[in-house]
Amino acid sequence: MIDVSHDTLVGISKSYGLFYLIALSIAVAVYVFWPRNKSKFDRAAKNILNDEDGPWR
Amino acid sequence: MVSTLTKNERHFAFIISVSVAMCGLVMAAAGRNDLLGTHGFIVFFFALGVTFILARGYYDPEPGDERFSAYYDEPIKAGIILAMSWAVFAMFVGDWVAWLLAYPELTFDEPWASFGRLRPVHTTGIIFGFGGNALIATLFHVMQRTARARMPDQLSPWFVLIGYNLFCVLAVTGYPLGITQSKEYAEPEWYADIWLVIVWVTYLALYLRTLARRQEPHIYVANWYFLAFILVVAVLHIVNNLALPISLSSAKSFPIFSGVQDAMTQWWYGHNAVAFFLTAGFLGMMYYYLPTRAKRPIFSYRLSIISFWGITFLYMWAGSHHLHYTALPQWVQTLGMSFSLMLLVPSWASAGNALLTLNGAWHRVRDDATLRFMMVAAVFYGVSTFEGSFLAIRPVNSLSHYTDWTIGHVHAGALGWVALITFGAIYSLVPILWKRDRIYSPALVEVHFWLALAGTLIYVFAMWNSGIVQGLMWRTYTASGTLAYSFMDSVVAMHPYYIARAIGGLLFLVGTVIGFYNIWMTIRTPINIPRDLASDHPVTEHAGAPAAEPAE
């Protein structure tokens, strides 16, 4: 078995762990505020209000 | 039920239920000298019952192709009935154990009636029985409607629903007998856990297969929450239940982790069960039923996505706040504490998003108790997530941990948030599914609402008081440096609060029974009820027209 010491784990979580969460936040913010996505989001939010018309397939 | 299955599906259903019955017999034979044998018989008779239902409907005419022009709602209907039955049962047991704490002599000297065995019957019955069935039912509804697609087959939803309830039955029948892994919210033993994995994988597959048939490429945000719920619960369940049975003919097993590793795995599981079972799943419910009931799109769709990723990635690290001041390394405790504090941001974003959606619809909140259930649920979601972040701070935790404050916090979430949002969703859903104008009695929905709210407030305030009193009594020192109160002093001081809590729980239970009656009468009452509450009908495009689904 690979020997992963306590210090290695702490090191990873304090470096990589921090940066991947920052990268993730940036990615989410970019996706959410990307101008092209706005119409898609608006349509999704409105579409659920008329949902009982039966399936398309 | 059977008449909606095709011939082929009936054959498969037969094979499955007969195989499960055989497994039950094998368990009963192998575990004849062990409690496993009892569970073998329960599995056998459960599967025999399903086989009998299948046999009775076997020669029913097959469903025609016209079924493809309608959503498949039969399992949703069954899921709602099951959810409400579990709610009544598990809340009854909850109130029972509440009285048991006020009057400990109520055990009648029977081992099965002790607090330690009855309490998990309450928690499992509520979380998995009531919550789980409500999630299965609403999720089947939301996924079909938002994908605008019928489920791909008729058998797998039934397998998921019935299989899941078999798991719940095994769980709650095991505890009074003494079968438990002693892991919070993961008490069922290895064979029940393996069965749940099979059911859960089918659940995930069914969800993905339905989504794959969707009309729009974009998936509505409620489904993201539901999908996170199914996916993460699968991972949590498997990792936390890694255990070795002492033999294949015994119910008893031991976890493969030990000591603080086991504790950390358990609370990584435990807190994420709160996060992904009791939060993400029910947020999915909220993001669908609150806007549709209020007839307004969600205030900010963008914010709902940001909250989604926030909740998904932050909750994963919060579990260690359950292990403050233990053998767990200090930095892991601090990690859990910091992530718990950060969690306040996406939690309040969701609660605020829900409440802002109601701007412009407050008259509906006033008139429509169903929408009010969901509004108050969003408020309690905000309150209990704030409280959760607060209690996760280490020095605060030194006062609150091991006291009733934790119980108060859990119930602010479970009663105020989870149960109220579920009742709101079910009251919206029942008239739609059974094609009724409105619920049988809007007045009884009002009664249920006020009983539930009063019950929750009494419960939560009683536990806040008793928890803080307990915490303070345990840390009060005399001038000579000894503890001022014995443990028994603090137990005696709890007595009035325990009575108040049991009364609050009783009010909540009575509300639930009334709610079940109202739902039952809605189902049983013939279709044409004169409409007297204009806003209390399901959403359709054609305002004023009765709530028929044209395609059906």
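Predicted model: local features only at pLDDT ≥ 70, side-chain atom pairs only at ≥ 80, totals over all residues.
Biologist: Which element of chain A gives the most to the side that touches chain B?

Modeller: Happy to start there! In this model, 20 residues of chain A are in contact with 36 residues of chain B. Both α2 (16–33) and α3 (37–47) of chain A supply at least two residues of that side. The element that gives the most, with 5 residues, is α3(A).

Biologist: How many residues of the side of chain A that touches chain B are nonpolar?

Modeller: That side of chain A holds 2 polar residues and 6 charged ones. The nonpolar residues there number 12.

Biologist: Where in chain A is confidence highest?

Modeller: Chain A averages a pLDDT of 86, and 96% of its residues score at least 70. Confidence is lowest in helix α1 (residues 6–14) of chain A, at a mean of 83. The highest value, 93, belongs to α3(A).

Biologist: Turning to chain B, what radius of gyration does the globule rule give for 552 residues?

Modeller: Chain B has 17 helices and 2 strands. Its own radius of gyration is 24 Å, close to the value from the rule, so chain B is as compact as a globular protein of that length. For 552 residues the globule rule gives 24 Å.

Biologist: What share of the residues in chain B is buried?

Modeller: The C-alpha trace of chain B spans about 85 × 65 × 45 Å along its principal axes. Of the 552 residues in chain B, the buried share is 49%.

Biologist: Which helices of chain B do the buried residues of α10(B) pack against?

Modeller: The 13 residues of α10 (residues 330–342) of chain B should span 18 Å at 1.5 Å a residue, and the end C-alpha atoms are 19 Å apart, which agrees. Among the buried residues of α10(B) are V332(B), L335(B), M337(B) and F339(B). The buried residues of this helix pack against α9 (301–315), α13 (369–391) and α14 (394–400) of chain B.

Biologist: Is L472(B) buried or exposed, or partly exposed?

Modeller: L472(B) sits in helix α16 (residues 442–474) of chain B. Its C-alpha atom is separated by 7.1 Å from that of L399(B), 73 residues apart along the chain. Since 14 other C-beta atoms lie within 10 Å, L472(B) is partly exposed.

Biologist: And how far apart in space are L483(B) and F386(B)?

Modeller: L483(B) lies in the loop between α16 and α17 (487–524) of chain B. With 13 other C-beta atoms within 10 Å, L483(B) is partly exposed. L483(B) and F386(B) are 97 residues apart in sequence, and their C-alpha atoms are apart by 32 Å.

Notes: Residues numbered from 1 in each chain as written. Chains lettered and ligands numbered in written order. Contact = placed C-beta atoms within 7 Å. Helix = DSSP H or I, 4+ residues; strand = E, 2+ residues; numbered from the N terminus. Nonpolar A, V, L, I, M, F, W, Y, C, P; charged D, E, K, R; others polar. Buried ≥ 20, exposed ≤ 12 C-beta atoms within 10 Å, placed from the backbone. pLDDT = per-residue confidence, 0-100. Expected span 1.5 Å × (residues − 1). Rg over C-alpha atoms; globule rule 2.2 N^0.38 Å.
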